[in-house]
Structure formats: C-alpha cells, structure tokens
Amino acid sequence: MPIDIPKDKWPGKIRTVTLGATAADGGSRATAVTVGGGMSLPYMHFENPTPNRPVVAIEIKDRKPEDWSQLLKKAWGDAMNDPASWAKAAEAAGADLVVLALSVNGADGKPNTAAAAVAAVKAVLAATGLPLVVLGPGQVDLDNELLVAVAEAAKGEKLALGICEDKNYRTIVATAMANGHLVTARAPMDVNLSKQLNILISDMGMPTDRILMDPTTGALGYGIEYGYSVMERLRLAALQGDSMTQFPMIVTPGFEAWKAKESKVGEGVPEAWGDWQERAVNWETLTSVALLESGADILVLRHPESVKRVRLAIDELMTA
Amino acid sequence: MALTGIQIYKLLPQTNCKECSYPTCLAFAMKLAAKQAELSACPYVTEEAKKQLAESSAPPIRLVTLKSAGGEVKAGNETVLFRHEKTFYNKPGLFIKVKASEGAAAIQARVAEIDAFKVGYVGIDLSVDGFAVEADGGDFAAAVKAVRAGTKRPLILVGKDVAVLDAGLAALAGEAPMVHGADASNWEAMTDLAKKHAASLVITGDNLETIADLTEKVKARGLEDIAIDLKAAGMGAHLGLSTQVRRLALKNFRSLGHPLVAFASGSGGRDAVYAAHAIAKYAGFVVLDRFAPELLYPLLVLRQNIYTDPQKPIQVQPGIYEINHPKAESPVLVTTNFSITYFSVANEVEGSGLPAWLLVCDAEGMSVLTAWAAGKFDAERIAKSVKGSDIAGKVAKKRLVLPGHVAVLSGELEAELPDWEIRVGPREAVDLPAFMKQAL
C-alpha cells in the first residue's frame, strides 16, 4: 500500500559555525572544522541532507592530570607529560579538533600563569594543524587572566574559548570578539538558561556564527536523561525558529563519563560490572551515542578507543 | 489518532444533564479528549458511541507481550516521539542470542550463566530479559530445550524453515514466545505457525509499504501480535525508518502500529553502538549477539535512564548514607534527595576514598539551589533531618558540611543546632574530594 511518509518542515535551522582558521583565513590551522547547518532533527536524511557531520574532539591538559583514571594514563602514556606531544597523539588517534583544558595550578603547585598558558597553547598550535578549543580552569579570575592572554597570543586562529557561564562571560566574550575567536557557552541542563546566556553573549555584539552552546549533559547513569531531553528540546526550539537556540552543541561525554565510578576505577567494584577497560570505553561511547541521537555537534572525548567507536557511530548515523 | 473533544462531543447525548459532574457535554468531551475523565461517567452514552470511542482510544502501538514461566516482556503502548512530551512506557527487552549449532550442552551452560547475571543500579536489580535461539543448523528442538533448561525467561525463536521452527516451538507449550521472521515469501506459513503456538510474529523488511501490506495480511489471517524488524543499510537509515514508523503509528496508521525489534551485532564495539541507538530510538526488543557484563551493564543503565518518567524525577530515600565506612570522627555532609544531586555527591565522596556520613534531607526531590529557592531546603528542614536521624549518636565530632550554594544558611543553622560545628563546603560535588582532603 502506498504510504505518505510524514516529513517535518521546519521554519528554523541551526547556524553554521567554523572553528580554526587556515592560512587562507589568516591562521595557521591545516584544517578548519565546520559544524551545524542542520534543517531537520538529527540524521533525518529523508527530509534534508545533514550538511555537516558531528565531529570528535579529544581533551588534553597543559600538564599531566594526576586525578585522571589509570586507564587514561595508560592509553596516553608519556604523551601526557607535555601538551604538544599529547596534541600530536590526539591527532593520530583520530581527533577532528583538540580541546586544551588549562589547569588551576602549574607544576610548581602555584596558580597557573598567563605566560604558561600562552606557552602551552603555542606549543599545541605548533604540534598539530587541528583547530583548537581552549578552556580555562573554571575559576573566574584565573579564567579571565589566562584566556585574555591566550586570545591575544593566538589572534586570528579562530580558537573557541570557554567556558562562558552566566556568572562569568563578559571578559571571555570581549577578548574572543577582539581577537577573532569563538566562545562556548555553558548552562546547567536547562533550555531557558541556555537561551538566556546565548542572548547575553550575542547582545555584547558577538557574531552569532561564533557561538557554540554546551547544554551540560550528565553521564550515563548520572543524569544523562536530563541532558538528553534538554538537547532534544533545544534542537526542537531551534527548528521551530527560536533564533537564540540555533547554535551547534558542544558536549563533554569524556569529562562526564570519566567522573563516573564505572569508568574511573577498576578495584572494589561489583563483579557484575565486568571488564574495567571495556566497561569504561562503553560508558564513554554509549554516553556519546545517546548525545549524538539527541543532537550533539561536537563531542569532547578522553579515551582513544572511545574516539574510534564514536567515529564509527557517526559514520553509521550519516548513512542515508 | 485519538478523537478530538469536538469529535467526542458529537458522540455524546448533548443534553447537558450534568450527571457526569461536568456542566456541559462539551466540557465532558474535552475532559475525555485530555484523558482526564472516564466515559463510564456518562449514564446515557450509546453502545455505538462506546464502540467508536474504544476504537479511537486503542493505543497507537499495539502492546506485544512475551510470556513464560520466568516472566513477561512487553513492548508497545508508546504514545510519544520524545520522552519529554510525556514518557516512554515499556522498556525494551534485552535478549541474548544463542545459536542451535553451538550444541545443546554448551547452550545450556552458557544460558544458565547469563540467566544468573544480575547487576544493581540505584537500588534496582537489572538482568537480561530473555533469549533468542537461532535455527542455524543442528537439532533445533534440542537447542530450544537446552535453553529452556538453562533459563525460564521468555524466548524469541529465529529461523526461516517453518518445520524446524515448529519443532522448536513445540518445546514451549503454554508460553507466549516470539517467532522471527516472516517476509513476503513465507508469511502465510509463518502466521499459521505463530497462531498454532500462541506466539507473536516478527515481520522483516526494508520497505515500509511492503511491511504494512504484510501486517494487514497477517492480521486478516487472524494474528494481531506482530512486531517489525526494519532492515536498513546503516544506523542513520535505520533511524530514519524507525522514526517514520513511530510517526505513522502515532498518527494512527494501524498497519505500522507495532513494536520494533532490533538486532545488534558486529565487532569493534559496533554491537554496543547499535544497541544504544536502538534503546534511544524506539526499539521494543533488542537482541544482542553476545553476552558481556561490561556491555550489558551500561546498556541496562541507558535503558533505565531513557525510560525514566521525566515528570517524576527519581528521588532517593532521605536519611543517613554511609560512604567508605565512616567512623565517629568522620564529617557529616548534607545534601538533598534529588537523585542526581545525591548520586553526584555520593559518587564524588565514594571516589575520593574518604569516609563520610551523607545526610540526605527531604527536599521533595529538588536539587540544592532549586530546593533552597522553593523553601524546601532551609535551616529548619536541615535541623529537622539531623534531629530526626540518629546521626548525633554516631559521631564524636559534630561537624556538618553544607553545600556551598546554601552558605547563607550557616548562621541560622548554627542557631538551630548549637552543639554542631557548621562548615561550608564547595558549591559543586566535583570539588568535594579536594575540600575533604584539605579542609576537613
């Protein structure tokens, strides 16, 4: 029997955002990454083509994070000792872009400095041709101090700087605007708070094709259902024409999943949890798959095996 | 599709007798449409109207139930495309597939081991829901008997040869198993087979029109319990087809109003990715090729998460929780009974390896800031939780750590609990381990 396939026609579309500037655009990146542009719910290829596939970022730190899981330390080995070799390893592991998360303290235990942050960013930019996201340590004054210096030192590279939150976004947005970078805007699992922050940032004059939103997701087993539904609602609002939700979404399944005990530790856990490494990779991968289905554009991961599997999931989802 | 209020109104007596307790028939019709009233409240409704309303209120996706001595697995009865619109109801059953060619003895041992698998998550014991047995050669009836000897859980029998499947189904008398799968070439024999054994039937295909034709033919032959296995070139194509089926079903296109079955296989993590996709997007039954606890556990958790009712956030029981074997000198950390808040805090403290007492206050299932703003998490309530528990008798050093977000409560709380030292902790759970190491 003939079937009239129900196709959604939406008035809105997701904005297209490009990270990283190649030589032609005044930067030094070998490649740029473009995300967004969707005109349908994720992977509804029978309605509209998906113009840009989701991308995978690998999170690295400016110095070896002692509190990361042993599994991650094993996976990256000595590369973790300096950000340049870690960035190279991330590129080799299949990253589309690199997220450099700056630490609160330097190796000497004293607060991180602008000079050290700039040195780390420059080393990473020299080591890889991938676009770069730079995140502050998450303390207002230090974030502003480090990110302003980084933004100026890497002027024109089209970095994405973060994390803008409602309590601290002005300085980061201002320096990103002045130096040709992007920003990531994070709100705590709430459609209206996300939208409000996007409005505040664009009201400062930030061009809307230079904003990424991070809805905060939670990990599998630790609240992913909230993040999942907030992302679906954000995407629906965007397609319905709500301009201030039409930004590509950057999500951090690596950070979320590796906080979970299921990934982080291998001892003193129930036997029914099975093999540690495989469980941890599944935790990160399945968190990512759920976020892909709900509309993620950039997934920030930590384990190289998860990167492989999430790329596989993206390849699969892109099949029409 | 369910009838609108106006459509229902036309079926009512339109006398405005008020005996249903609503002022007018139209008001009653609107309540019926919103599923906030029962038709039986109207004493004058005609049999014809009852029939029409019953048909229109039949669920758009048929409920299919597999039964055995070990329990039931249900799929269907879903009413929305997105969980935030209402909720998803029937969690997809997770089945593990075994092959007849493995041999009866090996099958029985493996199935018994998988059957015993049990893993705890937020106080719930999770396990696999059933098994699929594939007729890939060898003695199928013996294989089904071996599976039945290893488990009581419901079964799906997979094969193409009707005589072989018949022999397998004969071993499952008195149950409601599922048979996979019928297509255009064998649907008549498969339908008769399923009817004979009180089984539900899976129709397979890669084209919705063909599948819809087949479901109608099978129904005309007298079998209603049908599920659909969509064959697609990849996950994106599968998502497209699954979404189309769900959308059409919710528009009351009855020919596709059946639960979906998905098979997840492949190496290099592919099976995990497929299964997660199927759980998120509309599968009613998920069949895995292999059993591994490190795969089952996250999949079972994902299923719990996706099928949590968004309108009823999971709460944890208020009270004292012991983390890492606390002693008399360990600190007392305060938080709310919103599940995510609780699990974030408990997880961080547990991960830190440091012992602590966690005092979970009844904040009506809200997070710290939300509860504080709503007046459900104030000094009085916290003091009440402390006094209502036996925590004072368990600690020698009376130290209470407040979440940083409610630092403002510390003065009042000192007044409420004069013999306690009130400390202000970090705002976020993630900073608790460092705080506990340095400040406590």
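This is a predicted model: local features need pLDDT of at least 70, side-chain atom pairs count only at pLDDT 80 or more; totals for chains, interfaces and linings use all residues.

Starting from one bridge

Tutor: Let's begin at V134(A), whose bridge partner in β6(A) is L161(A). Residues are numbered from 1 along each chain as its sequence is written, with chains lettered from A and ligands numbered from 1 in the order in which they are written.

Strand β5 (132–135) and strand β6 (160–164) of chain A run parallel, paired over 3 bridges. Two strands count as paired if DSSP finds at least two bridges between them; helices (H or I, at least four residues) and strands (E, at least two) are DSSP runs, numbered from the N terminus. Zoom out, and that pair sits in an open, parallel sheet of 8 strands, ordered β8-β7-β6-β5-β4-β3-β10-β9 in chain A. Its edges are β8 (211–214) and β9 (250–251) of chain A, each pairing on one side only. Packed on the sheet is helix α6 (191–203) of chain A, touching β6, β7 (182–186) and β8 and making about 155° with the direction of β8(A). Such angles run from 0 to 180 degrees between N-to-C directions, with axes as lines fitted to C-alpha atoms, for helices over the stretch in contact.

Now for the packing. V98(A), leaving out residues up to four places away in sequence, touches A57(A), I58(A), I60(A), A87(A), A90(A), V124(A), T128(A), L130(A) and L132(A); contact here is C-beta atoms, placed from the backbone, within 7 Å. V98(A) is also among the residues with the most contacts inside the largest nonpolar core, which has 230 residues, alongside A57(A), V183(A) and V286(B). A nonpolar core is a set of buried Ala, Val, Leu, Ile, Met, Phe, Trp, Tyr and Cys residues joined through C-beta atoms within 7 Å. Buried takes 20 or more other C-beta atoms within 10 Å of a residue's own, exposed 12 or fewer, partly exposed anything in between, again with C-beta atoms placed from the backbone. Helix α7 (224–239) of chain A gives the most to this core, 9 residues. Over in chain B, domain 2 (64–306) and domain 3 (319–439) both give residues to this core, so it lies between them; the domain bounds come from an automatic or database domain assignment. Apart from this core lies another of 9 residues, including I8(B), L12(B), C25(B) and C42(B).

Chain B has its own parallel arrangement: a closed barrel of 8 strands, β3-β6-β7-β8-β9-β10-β11-β12. Neighbouring strands there are turned by 30° on average, direction ignored.

One last stop is I107(B), in helix α4 (104–115) of chain B. I107(B) is buried, with 25 other C-beta atoms within 10 Å. Beyond neighbours within four places in sequence, its contacts are V98(B), E102(B), A143(B), A146(B) and V147(B). As for confidence, chain B has a mean pLDDT of 93, with 99% of its residues at 70 or more.

Key. Two residues are in contact if their C-beta atoms, placed from the backbone, lie within 7 Å. pLDDT is the predictor's confidence in each residue, from 0 to 100.
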